[in-house]
Amino acid sequence: MFLVHEDHVDQLQYVIQKVKDFIEDKKGKIHRINDWGMRKLAYKIKKSKMANYILMNIQLDARYTDEFKNLLDKDERIIRHLVMTMKRAETVDTIPPPEVSSISDEEYETDDEELEESYYEDDGDDVLQEAKDENLSRL
């Protein structure tokens, strides 16, 4: 699975082709490619609220796994990726899960600095300190 930044969706086919070329070059197989389209992110990533989700099931020799991850890491159009090992190939198309927002739209609009400040605000009840003390007492 990899996510393409919303500003680079016009280059989506080039990104997919780059991944396909790598797999074919390494004598791997592509079992399926599902384009889940633009979806709302749970939180901002690289100032983006949306990303295009691509789910691929590939077969690739294990010695190329790190090189494949590096390819995804170095492409600025890909903002997140997850590579997992499966016991068998999935070839049936997968429909995307329904979009669910875990935070309200108002919280979503809050910038990262505000979130960080509100997280560390002292609300006077010392809950964080109590949790730290409890964890230390377990040691």
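User: Which exposed residues does the face of H2 turned away from its buried side carry?

Analyst: Exposure is read from relative accessible area: buried means under 20%, exposed over 50%, and partly exposed in between, with a 1.4 Å probe and protein chains only. Here, the face of H2 turned away from the buried side carries the exposed residues Asp66, Asp73 and Lys74. This is a predicted model, in which local features need pLDDT of at least 70 and side-chain atom pairs count only at pLDDT 80 or more, while totals for chains, interfaces and linings use all residues. Residues are numbered from 1 along each chain as its sequence is written, and side-chain values use heavy atoms, with hydrogens and water left out.

User: Which are the buried residues of helix H2, and why do they lie on the same side of H2?

Analyst: Helices (H or I, at least four residues) and strands (E, at least two) are DSSP runs, numbered from the N terminus. Helix H2 spans residues 65-74, and its buried residues are Phe68, Leu71 and Leu72. They lie on the same side of H2 because they cover an arc of only 95 degrees around the axis; the arc is taken from the directions from the helix axis to the C-beta atoms.

User: Against which elements do the buried residues of H2 pack?

Analyst: Packing is read from contacts, meaning heavy atoms within 4.5 Å. The partners of the buried H2 residues are strand E1 (2-5), helix H1 (12-25), strand E3 (48-59) and strand E4 (78-81). Val83 is partly exposed, at 30% relative accessible area.

User: In what order do the elements of the protein chain run?

Analyst: From the N terminus, the order is β-α-β-β-α-β-α-α-α, with five helices and four strands in the protein chain. Of the 139 residues, 27% count as buried. Among contacts with a separation of 6 or more, 71% are between residues 24 or more positions apart.

User: How many salt bridges does a search of the whole structure find?

Analyst: A salt bridge is a side-chain nitrogen of Lys or Arg within 4 Å of a carboxyl oxygen of Asp or Glu. The search finds six. One of them joins Lys18 and Asp75, with the closest N and O atoms 3.3 Å apart. That pair links distant parts of the chain, as Lys18 is in helix H1 and Asp75 is in the loop between H2 and E4, 57 residues apart. Lys18 is partly exposed at 33% relative accessible area, whereas Asp75 is buried at 5%.

Another salt bridge joins the side chains of Asp61 and Arg63, at 3.7 Å from N to O. Asp61 is partly exposed at 39% relative accessible area, and Arg63 is exposed at 61%. Salt bridges that share partners also join Lys18, Asp75 and Arg77 into one network.

User: Is Lys26 buried or exposed, and which side chain does a polar contact of 3.2 Å join to that of Lys26?

Analyst: A polar contact is a pair of N or O atoms within 3.5 Å; within protein, one must be able to donate a hydrogen and the other to accept it, and residues adjacent in sequence count only if both atoms are side-chain atoms. Lys26 is in the loop between H1 and strand E2 (29-45) and is buried, with a relative accessible area of 18%. The 3.2 Å polar contact joins the side chain of Lys26 to that of Glu67. Leaving aside neighbours within four places in sequence, Lys26 is in contact with Leu60, Tyr64 and Glu67. The side chain of Lys26 also forms a salt bridge with that of Asp25, at 4.0 Å from N to O; Asp25 is exposed, at 54% relative accessible area.

User: What is the phi of Lys27, and what is that of Lys46?

Analyst: Lys27 is not a glycine, yet its phi is positive, at about 65 degrees. Lys27 is found in the loop between H1 and E2 and is exposed at 74% relative accessibility. Lys46, also a residue other than glycine, has a positive phi near 50 degrees. Lys46 is in the loop between E2 and E3 and is exposed, with a relative accessible area of 55%.
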